[in-house]
Amino acid sequence: MKQSFFALAVLALISFSPSLAAAPAPEQAMIAPQICPEPASCEISATEYHPLNLVRIECPDKAAGEWARKHLTEWYGILAPKVKTSTKKTKLGDEAYELTTAKNGVEITAQTLQGVRYALYSLRQIAIPKRGTLKVEGWIVPKAAIQDKPALAFRGIHICWFHEREPWEIERLIRLAAYYKLNYAVIESWGTFRSEVAPWYGWPDGTMTKQEVARLKAIADDLGILLIPQINVFGHATMSRGGAGKHAVLDLNPEYQPLFEPVGGWNWCLSNPEVRKLLTKLIEERLDAFGNPPYFHIGGDEAHAPSCPDCIGKSYSQLFLDHIKAMNKVVQKKGARTMMWHDMLLEKGDPRWKGFVHNGTEETAAGIRDFPRDIIICDWYYKEPKEVYPTLDYFKGLGFTTLTCPWKERNGLKSLVKAARDGKADGILGTLWHHDFGQDMLNIYLTLANSAWNAGGETSYLRGMFHHHLRQIGWDMKNTDPKRAGIFREELPEEPVLNN
Ligand SMILES: [Zn+2]
């Protein structure tokens, strides 16, 4: 449903008031308050505001009041509204909330702390400082009535921790995802995790230390988003982008070459028993570092054909199947479910997948029928919208929980989320890759969050709104560095260089 506004009615009344009767005022151009993601049902005034002095919360979870007080104080300091709570049960779903703002205060109703969080994220987006003063002297909120709940239960984003990325950037991406009501974030280390069981596994100066992961997990838990770790157990074993020519293990540790396929080292060597031993230890360590979450992503995409005599000499289909099953067992033993990219499970050249991503060979595609059905298939497709999504139908038809995974093509993204809402997939895992800044970051976050949450409206957000939300997160992170503000580190491009 569209966000609707009391403002038009207010303007109509003014137009017909006696003092203006002689010359009806033209309808004034204005920017109405916006909320991302757009609520399921929302009426909000652009002109009638009330002081933000009191928030009454009705929620059976006793932690909700304390959470609200803590965060309202974080956002508004000594000007924070008073919080009153009651623990009456509601009939709302786990992530749903109702929010009304009126003269006598703000009312929030939710069944869980998560619902209260989401209500307060919406409230924060529409509250503004009292007007007419030099500095903030109080807060006001527009008159509003919101009933809200998500369209999809699994609303995830995949975040890459590249070597160049600093912890504050990852923190900001996580905070923004939570603020936009996404509830899962997969964190893929690109050689940046500092393993203690294999200190040579990754770049020696990686910033993803166990302490840093624990700090980010605490923030994510508090904000209501679950972090899911990822280790690539098949291709992408270089932990560097394919075109970069780097290998986060072998460039600095040539003695570990037997673990990887000889041509390029892109794949793990699936015949080498040391690989399975090592990956077992690494998965266990990573799950422990993330506080043993219920999911673990094993990557599995874009692998090359084998190039070592041991792998070539065996049934690669069986090697692949045995490997994935073994990795899945390790994840299961830790109480988690395996997530995996889909493309090696579809044979290249199979006409059924024309126009979609299919990187598998006959050998890797054959394995899927014997895959344990608790593995979650993450089906990625980054292009323009299609009428039908046969790959989603295929994995769902085989009995797999399937997530659809778009990237930055906004119409394709919306179309995939619609397919998920129509039951073609069980949720969405958006991806950022190396486009986690600038206009692409803005587009991906707004489109992903809005389409995963609401009933499918076509909201045109102003980029100023997004910039303001990023700024609010900067305040929460106590940012003092101009480079950490906005969507780019530098406002201007580097000086042009002479080409001749
Ligand atoms: Zn091999």
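Modeller: The chain is divided into domain 1 (4-17 + 28-148) and domain 2 (155-455), with bounds that come from an automatic or database domain assignment. This is a predicted model, in which local features need pLDDT of at least 70 and side-chain atom pairs count only at pLDDT 80 or more, while totals for chains, interfaces and linings use all residues. Residues are numbered from 1 along each chain as its sequence is written.

The C-alpha centres of domain 1 and domain 2 lie 37 Å apart. Across the boundary, 9 residues of domain 1 are in contact with 10 residues of domain 2, where contact is defined by C-beta atoms, placed from the backbone, that lie within 7 Å. The side of domain 1 that touches domain 2 has 6 nonpolar, 1 polar and 2 charged residues; here Ala, Val, Leu, Ile, Met, Phe, Trp, Tyr, Cys and Pro count as nonpolar, Asp, Glu, Lys and Arg as charged, and the others, Gly among them, as polar.

Turning to the core, the largest nonpolar core has 133 residues, and V116, I159, A177, A185 and C378 touch the most other members. Such a core is a set of buried Ala, Val, Leu, Ile, Met, Phe, Trp, Tyr and Cys residues joined through C-beta atoms within 7 Å, and a residue is buried if 20 or more other C-beta atoms lie within 10 Å of its own. Domain 1 and domain 2 both give residues to this core, so it lies between them. Leaving aside neighbours within four places in sequence, V116 is in contact with I57, C59, A64, W67, A68, Y97, I108 and A110.

Technical notes. Contact = placed C-beta atoms within 7 Å. Buried ≥ 20, exposed ≤ 12 C-beta atoms within 10 Å, placed from the backbone.
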